[in-house]
Amino acid sequence: MKTNNIRITTYNAMFIVISLILGFLGRMSIFAMVPFLKLDFSDIPAFLATLLFGFSSGAIVLIVSSLIRSMMFSSVGWISFVVKLTMLLMLFFISKANEINKRTYKIILVGSVLYLTIKLFLNCLVWKYFFGMTTEFLKTIIFPLAIPYNCTRLLINIVVSNILFKYMKNNHINTL
């Protein structure tokens with residue numbers, strides 16, 4: 001039992017470091033009109049930790065990596081941290097899907113809709129009250145750009161995490 005706890009803690013630490021690296025090296029703008037909406041892959045380690053070890057492990061990876069990024073590297077990192085906390089909801093729904101079947105896809109769909117709704121609401125608040133963007137600008141950007149951006153980012157993170165998870169399980173990488 002103690003060996004498993006040490007192993008999980010070691011994997012969590014590794015996932016935190018990978019998340020920090022991906023947050024800086026793996027950023028790219030996918031919409032030319034709004035270059036501040038950058039796709040990054042820093043959430044993939046939290047998804048992978050959730051798939052491998054459960055919700056608490058994914059939550060630890062997400063919270064610790066977000067806090068470190070907020071404190072050390074980003075001038076508005078605390079806003080990003082608040083927005084990323086919505087990812088915990090998505091991680092919770094993914095952790096409830098133990099095996100891939102039709103119910104799994106329904107759970108992930110419900111989690112995705114809730115995640116995207118909360119994230120868009122928080123984005124509107126942050127953009128309006130902290131960045132001073134007008135309501136007119138938000139109306140023109142939220143639906144045509146932010147919704148596809150957030151859906152694309154979530155889909156990429158889930159698909160890549162699932163591929164990595166299957167690879168680790170198929171190659172008998174000893175995680176527990």
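# A buried salt bridge and an aromatic cluster

Arg-153 has a relative accessible area of 7%, so it is buried (buried means under 20%, exposed over 50% and partly exposed in between, with a 1.4 Å probe and protein chains only). The model is predicted: local features need pLDDT of at least 70 and side-chain atom pairs count only at pLDDT 80 or more, while totals for chains, interfaces and linings use all residues. Residues are numbered from 1 along each chain as its sequence is written, and side-chain values use heavy atoms, with hydrogens and water left out.

## Overall layout

The protein has seven helices and two strands. Both are DSSP runs numbered from the N terminus, with helices being H or I of at least four residues and strands E of at least two. Their order along the sequence is α-β-β-α-α-α-α-α-α. Of the 176 residues in the protein, 44% are buried.

## The salt bridge

One salt bridge turns up in a search of the whole structure (a side-chain nitrogen of Lys or Arg within 4 Å of a carboxyl oxygen of Asp or Glu). The partners are Arg-153 and Asp-43, whose closest N and O atoms are 2.9 Å apart. Arg-153 belongs to helix 7 and Asp-43 to the loop between strand 2 and helix 2, so the bridge ties together parts that are 110 residues apart in sequence. Asp-43 has a relative accessibility of 1% and therefore counts as buried, as does Arg-153 at 7%.

Ser-42 is found in the loop between strand 2 (38–39) and helix 2. The side chain of Ser-42 makes a polar contact of 2.9 Å with the side chain of Arg-69. Such a contact is a pair of N or O atoms within 3.5 Å; within protein, one must be able to donate a hydrogen and the other to accept it, and residues adjacent in sequence count only if both atoms are side-chain atoms.

## The aromatic cluster

The whole structure holds two aromatic pairs. The ring centres of Tyr-11 and Phe-15 are 6.2 Å apart and the ring planes stand at 40 degrees, so this pair is tilted. Rings of Phe, Tyr and Trp (its six-membered ring) pair if their centres lie within 6.5 Å; planes under 30 degrees apart count as stacked, over 60 as edge-to-face and the rest as tilted. Tyr-11 and Phe-15 are four residues apart in helix 1 (residues 2–25), so about one helical turn separates them.

The rings of Tyr-11 and Phe-53 also make a tilted pair, because their centres are 5.5 Å apart and their planes are at 50 degrees. Tyr-11 is in helix 1 and Phe-53 in helix 2 (residues 44–53), so the contact ties together parts that are 42 residues apart in sequence. Through these ring pairs, Tyr-11, Phe-15 and Phe-53 are linked into a cluster. Tyr-11 and Phe-15 are both buried, and Phe-53 is buried with a relative accessible area of 15%.

Helix 2 is mostly covered, with nine of its 10 residues buried. Among them are Ile-44, Pro-45, Phe-47, Leu-48 and Leu-52. Gly-54 follows helix 2 and has a positive phi, near 110 degrees.

## Surface and cysteines

Phe-121, Leu-125, Tyr-129, Phe-130 and Phe-131 make a nonpolar surface patch of about 570 Å². Patches are made of residues with over 30% relative accessible area and no salt bridge; like charges are joined within 9 Å, and nonpolar side chains (Val, Leu, Ile, Met, Phe, Trp, Tyr) within 5 Å. Accessible areas come from the Shrake-Rupley method with a 1.4 Å probe, and for residues only the protein chains shown count as cover. Tyr-129, a member of the patch, lies in helix 6 (residues 102–129).

Phe-137 is part of helix 7 (residues 135–170). Phe-137 and Trp-127 are 10 residues apart in sequence, and their C-alpha atoms are 9.8 Å apart in space.

No disulfides are found in a search of the whole structure (a pair of cysteine sulfur atoms within 2.5 Å). Cys-124 and Cys-151 are listed below with other residues.

| Residue | Relative accessible area | Class |
|---|---|---|
| Ser-42 | 2% | buried |
| Tyr-11 | 15% | buried |
| Cys-124 | 27% | partly exposed |
| Cys-151 | 33% | partly exposed |
| Phe-137 | 33% | partly exposed |
| Tyr-129 | 59% | exposed |
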